[in-house]
Amino acid sequence: AQGRHFWFFGFLCFVALCSGELCEIDCTITSDGSQNPYTIAQCFDDYSRPTSVCEKYSIGLYSTGTISGEGNTNLRVNETSHIESLHISLMEVNVETGFFLYIENTIKFVSIGSGTISGGSSTVFRFVSSDPGSVFQVQSWVITGTKSDGFGAMHIDSAGMIELNPALNFLHTKSSGDCGALRIDSYPTTKYTSKSVANGAPVFIDTRADGNGGAVCLFSSDETNSMNWGSFAIREGSSAGKNGGTIYAAGAGQFRFSSFKDVYVQTHASINGSYIYAENITSLEIVDYNTALEHQSSAQNGAIYVVNAELVQIYNSTLSSSQVSNSGGVLYIKNVVNFEMRNNYFPSGDATYGIGGIVLFENVNRIEVTNSSFHSGTAQRGSAMACIGG
């Protein structure tokens, strides 16, 4: 078939001695309308079975034009596959209906080099792995125009390494449930990272969810699991019909959001947390933010809303221009054991019809605020801070 290259790793040897080798294959997928079509499904089928030379395969998928249709979309890698690693650099995949590719407890190493996925009527890409040794990595990818049903345009559910690099972009994606663009499920063995703003930032443009998490949903199953989310940019708004206009985080994990520099965030949540909503977590840390929050339509409470947590820490950050329709203009902290705030600047906050123009504490056991300044807060009571319960 067109553009396939084959070799195996190891020294030259007799066939009888070569069993168990990992063989590397490059498949060039032909563009739509080609006279001699070669599809992703054909590539997978050609290299799904072991031979006397190749026990497992490392496959690279490449294309120079748009691909679509049967054989290139609605693909599942089955459990009998002998593909151990997969690299994807496809110029553009057009998903007319359904999805692009689901990999569920089969391929151990997956990397996305470049390309665009457009369309789709469900989550277009899903990677699931219960193997702590698995690796999922995105270098550069654009996902646009996907309409999903509760798991985002991309769903990563992995016990292994997850690495998201700056050139990951979601454009005009929507979910009829939660997670407008991206959902990540993590476990005690999951190692997760996203690159810092110094190297650019993943971009979310016009991402929406009818439920929670207008752009991103983060789920953690264990209190020892740490998710360190670096910078990203929201453009043309993100919104949620329920909570978390941009980010919805839940589960007994440790969540850290850091190094957001000069990021202008235009978000909306119909209920709480127009920017971040976190619930039933072990800890939330926000550090080194310089973020302007702008809301097309206000949440009821808190641009950042945290409920049921052991520890919330906010350090070295600037959060401004936030308005809500009820209470906690910038921060609403509820049912938290320990809250710590150091070296922060809040230029403004607006809870015109409620309390706590910038911060509202509700049922918080211990509050420590050090070297932080509050300006231009507006509320019925507590223009800067207010405490109730506890």
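**Figure 1. Asp 185 and its salt-bridge partner in the predicted model.** In this predicted model, Asp 185 is buried, with a relative accessible area of 9%. Its side chain meets that of Arg 183 in a salt bridge, with a distance of 2.8 Å from N to O. Arg 183 also counts as buried, at 16% relative accessibility, because the limit for that word is a value under 20%.

Figure 2. Strand β18 covers residues 216-220, and five of its five residues are buried, so the strand is largely enclosed by the rest of the structure. In a regular strand the side chains alternate between the two faces of the sheet. In β18, Val 216, Leu 218 and Ser 220 point one way, while Cys 217 and Phe 219 point the other way, and all of them are buried. Which strands pair with β18, and in what sense do they run? Strand β15 (residues 182-186) is joined to β18 by five bridges, and these two strands run parallel. Strand β21 (residues 247-250) also pairs with β18 in the parallel sense, here over four bridges. Within this second pairing, Cys 217 has Tyr 248 of β21 as its bridge partner.

Figure 3. In soluble globular proteins, nonpolar side chains tend to be buried together. The largest nonpolar core of this model has 84 residues, and the members that touch the most others are Leu 61, Phe 100, Phe 125 and Phe 136. Strand β6 (residues 83-95) gives the largest share of this core, namely six residues. Phe 219 was already seen in the view of β18, where it points the same way as Cys 217.

Figure 4. Glu 340 forms a salt bridge with Arg 366, and the closest N and O atoms of the two are 3.4 Å apart. Glu 340 lies in strand β28 (residues 331-342) and Arg 366 in strand β31 (residues 359-370), so the pair ties together parts that are 26 residues apart in sequence. The two partners fall into separate classes of accessibility, since Glu 340 counts as buried at 12%, whereas Arg 366 counts as partly exposed at 32%. Salt bridges that share partners join Glu 340, Arg 342, Arg 366 and Glu 368 into one network.

Figure 5. Asp 45 and Arg 49 form a salt bridge in which the closest N and O atoms are 3.6 Å apart.

**Figure 6. Gly 71 in a loop between two strands.** Gly 71 has its place in the loop between β4 (66-68) and β5 (75-77). When residues up to four places away in sequence are not counted, Gly 71 touches Thr 39, Ile 40 and Ala 41. The C-alpha atoms of Gly 71 and Ala 41 are separated by 4.8 Å, although the two residues are 30 residues apart along the chain.

**Figure 7. The side chain of Asn 165 and a backbone oxygen.** Asn 165 is found in strand β13 (residues 161-171), and at 6% relative accessibility this residue counts as buried. The side chain of Asn 165 reaches the backbone oxygen of Val 138, at a distance of 2.8 Å.

**Figure 8. The setting of the close-up views.** The protein has one helix and 34 strands, and of its 390 residues 57% count as buried. Among contacts between residues at least 6 apart in sequence, 82% join residues at least 24 apart. The protein exposes about 15,000 Å², and carbon and sulfur atoms supply 47% of this area.

Notes: Residues numbered from 1 in each chain as written. Predicted model: local features only at pLDDT ≥ 70, side-chain atom pairs only at ≥ 80, totals over all residues. Heavy atoms only, no water. Buried < 20%, exposed > 50% of the residue type's maximum accessible area, 1.4 Å probe, protein only. Contact = heavy atoms within 4.5 Å. Areas by Shrake-Rupley, 256 points an atom, 1.4 Å probe, with all protein chains shown as cover. Salt bridge = Lys/Arg side-chain N within 4 Å of Asp/Glu carboxyl O. Pairing = 2+ DSSP bridges. Core = buried A, V, L, I, M, F, W, Y, C linked by side-chain atoms within 4.5 Å. Polar contact = N/O pair within 3.5 Å; in protein donor to acceptor, adjacent residues only side chain to side chain.
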